[in-house]
Every structure is written in structure tokens, then in C-alpha cells.
Amino acid sequence: MVVVVDGPSRRVGANGLMIGRQRECDIVAVDPSVSRRHALVRLTTDGAQVVPLGRGPVEVNGTAIARAYDLANGDRLAIPGLAFTIEISAQRPDVSAQAAFRIERARGGSFGIVHSPFVIGGADTDDLIVKGWPAAALHLHLAQGELFVVVNSGRATRNDAELATGALEPLVEGDVLGYRKETFSIRHATSHVATTAVGLHGMPKRVVIEMLPKGGRVVFSMADGDHAVYLADRRFDLMVALLRPPAGHVAGDFISDDLVRTIVWPRKSGVSRPEINTLISRCRRDLVEAGLAGPRLLERAPGGGGTRLALAPGAEVVVES
């Protein structure tokens with residue numbers, strides 16, 4: 001909740017909460033020094049975050065911030081002419097909820113994954129606590145009926161092949177995830193688990209691109225509702241290149257790396273394929289945090305060399321400035 005001091009409050013929804021002078025903002029400011037779209041408060045997998053968008057000041061607890069900042073319960077957020085209090089409350093995961101996936105420990109035990117992210121590590125606050133592991137060593141993400149893993153620290157393997165730290169990797173039925181001396185097999189929790197991301201009904205049928213002063217917001221209309229993701233700078237440039245490609249291409253086509261380079265890095269020559277792959281990996285993580293199967297939607301051409309955003313047939317792409 002974003003609570004106006006001595007005033008009303010607004011709940012932060014899936015699309016985030018926009019603050020600025022523009023009449024379409026969720027909270028409209030009147031101070032002339034406030035930008036049309038000044039700041040975005042958005043939900044993350046860890047809580048909430050404020051993203052400064054305009055040129056004017058954004059302060060948290062009296063300190064000016066210039067980049068995305070994680071918010072805590074009770075923080076005071078201020079822009080010219082307005083002050084807010086941040087209230088964060090999170091329901092505890094429903095351990096009785098039906099899980100889409102479960103992990104079977106080789107040494108015994110089976111654990112359902114009922115929320116995202118599902119954190120495995122050695123800290124008391126982790127969802128599955130393994131003595132001697134680093135805190136939050138592994139993050140398991142559920143998105144569109146699929147399961148993904150991010151290795152935050154240490155060496156982890158999938159079917160004995162090492163996983164890159166920080167990369168988003170898919171897990172499927174039968175995979176064996178290894179970390180230190182533990183191994184977990186990936187299982188469907190029920191006999192009827194539908195994977196929606198690879199079917200036509202799991203692809204976006206409408207995408208709205210909203211240009212912001214620093215990056216932009218993309219809203220994907222899916223079968224289960226809207227999913228909004230804020231993308232900063234080059235990540236947003238990449239999404240625009242795929243959804244509003246140059247002449248001769250349409251949204252949903254594979255766009256060559258050469259074209260992506262000229263759009264995303266117009267003033268930098270010699271951008272390598274690893275740099276492009278790193279940018280794609282970061283975008284995929286942002287999509288997964290928004291509840292979307294990022295690695296399925298943001299697709300690399302076989303053998304590399306091109307990228308596309310998978311869309312449902314006849315999908316509509318709308319650009320809002």
C-alpha cells in the first residue's frame with residue numbers, strides 16, 4: 001500500500017503504481033517540478049521497489065535515490081509536494097495448497113512447490129532449509145505452469161551438467177538438480193499438469209508497450225490475465241526491437257543479432273554475442289518474476305543469431321508514449 005500522509009491509500013497491483021503529473025497516473029501530483037511520469041512503485045518477488053523515472057527528486061527516508069530502490073515496511077517516500085508511507089504485508093505461503101511440482105530428495109523426503117520463488121538454502125527464512133548451505137542458494141520459480149531455477153551462489157548441476165551462476169534455467173520432469181552433497185529429482189505433483197507456455201493459449205494475445213523516461217513498462221495479456229513488467233534501458237530497447245521491429249519484419253519474427261545491435265547499442269560497435277545473450281538472460285529473469293515463462297517467450301533461434309518474442313497468432317501490439 002502507498003499511503004498518502006494525512007490522506008487516502010492506494011494498493012499496488014500487478015501493473016505497479018505510477019506517480020506523476022499525467023492525468024492517467026495512479027496518483028496525480030500538481031507540483032510543476034514533478035515529471036509527467038515521475039516514479040513507479042512495483043511489486044517484486046522479494047517485496048516492493050520504487051523506480052525513479054523523472055528528472056526531479058525521489059526520496060526514501062529523506063535520502064535522494066537515482067535508481068531502483070527496494071522498499072521496506074514503514075519507509076517514507078517523497079516527491080515534490082507529496083509524501084507517502086509504504087505499508088507492506090505478505091501472506092504466509094499456504095502450505096496446504098496444491099503444488100504443480102515437487103522435488104524428491106535422494107536421501108528421503110518430498111517437497112511441494114506451491115509458491116514462487118521457492119527458496120532453498122541454509123537460512124532460517126528459506127522455504128526449504130538445508131543445514132550448511134548458504135542462504136538462498138537456489139531460487140525455484142513457477143511461471144505459466146513451468147519450473148525454472150536460478151543458482152545464486154555455489155556450484156549446482158542439472159543432470160550432472162554445471163549450471164551458470166545467476167542464469168535462469170528450465171527444469172522438467174525427471175531432471176536431477178544437484179548442490180553440494182544433495183540431489184533432488186523434479187516431479188510433477190499431479191498426473192495432470194498442463195504446460196501452458198508452449199501452447200498457443202499460453203502466448204500473449206495482446207502486448208502494450210508504455211514508453212517511460214527511463215526504460216518502459218510492458219503489459220502482456222495472457223489467458224490468465226495481465227502480467228506487467230518494468231524493463232530498464234537496454235532491456236526495454238530489446239523488447240521494443242522485437243515487438244516493433246524494422247521494416248521487413250513483424251512482431252513474432254526472429255530478429256537478427258545484427259539488427260538488435262543497431263537498435264539496442266546504436267553508438268557501440270563490436271557488441272559480442274555473449275553480451276546479447278547476457279541481456280536476453282536478464283530480460284528472461286524479469287519476465288519470470290512477472291509470472292511469465294521467460295525462456296519460452298523470449299526465444300533464441302536454433303544455433304543463435306536471432307531472437308524473437310513468441311506471440312499468439314494475430315496478437316495485437318500497442319505502443320503508448
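**View 1. Bridge between G121 and I129 in a predicted model.** G121 has I129, in β15, as its bridge partner. Strand β14 (residues 118–121) pairs with β15 in the parallel sense over 2 bridges; two strands count as paired if DSSP finds at least two bridges between them. Strands (E, at least two residues) and helices (H or I, at least four) are DSSP runs, numbered from the N terminus. Residues are numbered from 1 along each chain as its sequence is written. The model is predicted, so local features need pLDDT of at least 70 and side-chain atom pairs count only at pLDDT 80 or more, while totals for chains, interfaces and linings use all residues; side-chain values use heavy atoms, with hydrogens and water left out.

**View 2. The open sheet β4-β3-β5-β6-β9.** This sheet has 5 strands and mixed pairing. At its edges, β4 (27–28) and β9 (69–71) each pair on one side only. Strand β3 (residues 17–20) runs parallel to β4, joined by 2 bridges, and G20 stands opposite V28 in β4. β3 is antiparallel to strand β5 (residues 39–44), with 3 bridges; L17 has V41 in β5 as its bridge partner.

**View 3. The hairpin of β5 and β6.** Between the two strands of the hairpin lie 2 residues. β5 and β6 run antiparallel and are joined by 6 bridges. A39 stands opposite P52 in β6.

**View 4. The second largest pocket.** Its lining has 21 residues, with Y230, L231, A232, D233 and R235 nearest the centre. On a 1 Å grid over the protein atoms alone, a pocket is an open set of points where a 1.4 Å probe fits, with protein on both sides within 12 Å along at least five of seven lines; lining residues have an atom within 4 Å of a point. α3 gives the most to the lining, with 5 residues.
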